[in-house]
Amino acid sequence: MQHTFFKYHPSIWKVTGLLLLLFVLPASAIREHKTEIDSLNRILSEHPSPCRSIPVLSRLAKLHEQKPEQVVYLKEQIKEAEKIDSIQAVYAALSEISVYYYNMKNGSDSLTYWVQQIDSITHKRNEYPDVLFRAKSLYCQDLLWNGNYEESMNRITDLYQLAVEKKQNYGLMRCSECLGQIYQAIRRDSDAVVAFQDGLDRLEQLGGDEETKLRLISYQIESNLRTDAYEKTAGMLAAYKELIDKLKELNTTHNSLYMVDREYWLLYSFYTDLYLQENKLDKAKEALDMATRFEGSEFVEGDYACRVYLSVKSRYYAQSGDLSSALYHIDKLLEQERLPEVLQLKADILKKQGKQDEILALYDEIDTYNTKRSNEMFLRQVNQLRTLHDINFEIALKEKIKNNQKQIRQERYQLLFFISLIIILIIILYILYIYIRRTQRLKNDLLQEKNTLLKSKEKLILETMRADEASHMKSSFIADMSHEIRTPLNAIAGFSELLIDEATESKEKKEYSAIIQNNTDLMLTLVNDVLDLSKMKTGDMSFNLQKVPLAECCQKALDSIRQSVPEEVALTFNPAPEQIIIKTDAMRLQQLLTNLLANAIKFTEKGEINLAYSLEVDRKQVRITVTDTGTGVPPEIQEEIFKRFKNQDGSRAGTGLGLPICYYIAEHLSGPGKIFLDTSYTAGARFVFIHPCETDVPVI
């Protein structure tokens, strides 16, 4: 049975490219590497010199392989390297960024951008470093995985010629690898084996790294399996295992981070495939059992190793006669991607079961896939032909332009006289234009200066009006304060004399004492309001936020004004059924509620004054209301009710400071606009204050 490992398919090749990054954190080393990351970040927080920060950033990028943080650290490395003109550090960071976007899903556009950046930098410096060939070979591979075989071949051929011209051995190695992958994609596996061997030979000359060697050998094994070169494949598998064993030893002795379990999984899957082709089911079973021990060692979801494992496992069950198990694993493979080779394998198994209808459906799907692929290839070829046609047309056009230039050159002398006249006319027109423009500019400057003066005058008049209004308000406030203070002082002085009069009875003394106490409280309130106003202006009013029960604050506010409530007015309290805890300044909240209640008492002669609160629908805020049945607020002053010195009724006692102080406290406890007058309530006045709850309020 013809076998496949799906590596030619674009999405799978992308996953295979991840073999460049064989680093993951072993479970036993997670804590150690987290400690290392924290330690390195502490070094960066000290703002070290570029010479010290560059290796730290490089290590942090490696510890965050294929994570967004990797690009952040690499970009920072580039900035630090540019400070000391360390081009090698810049190249190293750019190389890793290109690998990051190559391995990232939907990263083709970003990869193209960074390849252009690398090409631009190296072109300016007239250099051909390894990073240039690495990035461009990744770009060619990306074209291949996206199905653009022709463009990929053209670009890698140009890159190969550049590497030969510049004698860049690393570039030749990268080009050989990419050429081998292209040959694999178009099923020229014999040529692919030669290309990969050339890459291995050049890697040996470079003193190459183990990861690249591991990758190239795995490519060779796949192509050899497809060419039925069993003996050669067995030798490569032995070399592959020897290299994996070596990396495993390095993990133990040098605390390296090679992902050897995944490679063992792939190795024994390859062995299973080899034995299946040789029809050695016993050995295939042993190899498959070994592979099963490493099942789940994917590098990423949909890893190439997992697909190889599922493929050989389904083929093993098919050859051993367990068709149900074979179909089960084929379906798991098809869940990841429906490729023609997998569909053909399923069709072969269904053929043994005689399920003709399902086989026909699979063949239709295979035909549709191949037709679509052929059409896409045809469109790319048409686009390339169109590009060639455009280039030829451009060459012909240039030739025609060249001939026309000769004719123009002959006629040029005839035009010199007319051009000279035109130039003289242009000079004259330019002088006139300069003169007119200068005149217009002077005129505009005068108009602008006039407008500026008018605006300054209007602004001065407006400021004068505001100053007069403020002066009037302050004078009115001082007059009101004088009257408000004089009234309780007169009462205190008069009743104090009566209190000490021996003719005054004991009952009357108690009544006079209450009057004196009431007027003393009134005058103290006035003084406190003035002091709070001063603190508001200077910003010195302090707020101490603590978690307190809302009901307790409301009750204290009610107790503080209860004795001032007229006899014909009922003071009521409607708390919410839930126990509500808020984070607030209890003293300031009580001051706000007391001022609102005192304001209600001032304008309510009979009826009811109600304090209530309830949770909002979102249970994140609580609504506190003070409602009265008094005279209400006239519509013409509703918008200005919270302004300073604004007294609703001049005949009523008060300085107009209570509501502005409430507004200031509300702004600091909840934010602007959280206290307002409910204009929809017409039976008196209703003030609403919205206060946030710190957390969801528990329901009792």
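This is a predicted model: local features need pLDDT of at least 70, side-chain atom pairs count only at pLDDT 80 or more; totals for chains, interfaces and linings use all residues.
Reader: Okay, and which residues of α5 and α7 make the contact?

Author: From α5 you have Tyr91, Leu94, Ser95, Glu96, Ser98, Val99 and Tyr102, and α7 brings in Val131, Arg134, Ala135, Leu138, Gln141, Asp142 and Trp145. Sorted by class, that contact has eight nonpolar, three polar and three charged residues.

Reader: What makes Arg262 count as buried?

Author: Buried means under 20% relative accessible area. Arg262 has 1% relative accessibility, so it counts as buried. You'll find Arg262 in helix α13 (residues 260–277).

Reader: How do you know that the side chains of Arg262 and Glu263 make a polar contact?

Author: The cut-off for a pair of N or O atoms is within 3.5 Å, and neighbours in sequence count only if both atoms are side-chain atoms. Arg262 and Glu263 pair up side chain to side chain at 3.0 Å, and that makes a polar contact.

Reader: What about the largest nonpolar core, how many residues does it have?

Author: It has 111, and Ile156, Ile221, Tyr240, Leu267 and Phe270 have the most contacts inside it. Apart from that core lies another, of 46 residues, including Leu592 and Cys693.

Methods
Residues are numbered from 1 along each chain as its sequence is written. Side-chain values use heavy atoms; hydrogens and water are left out. Contact means heavy atoms within 4.5 Å. Helices (H or I, at least four residues) and strands (E, at least two) are DSSP runs, numbered from the N terminus. Ala, Val, Leu, Ile, Met, Phe, Trp, Tyr, Cys and Pro count as nonpolar, Asp, Glu, Lys and Arg as charged, and the others, Gly among them, as polar. Buried means under 20% relative accessible area, exposed over 50%, partly exposed in between (1.4 Å probe, protein chains only). A polar contact is a pair of N or O atoms within 3.5 Å; within protein, one must be able to donate a hydrogen and the other to accept it, and residues adjacent in sequence count only if both atoms are side-chain atoms. A nonpolar core is a set of buried Ala, Val, Leu, Ile, Met, Phe, Trp, Tyr and Cys residues joined through side-chain atoms within 4.5 Å.
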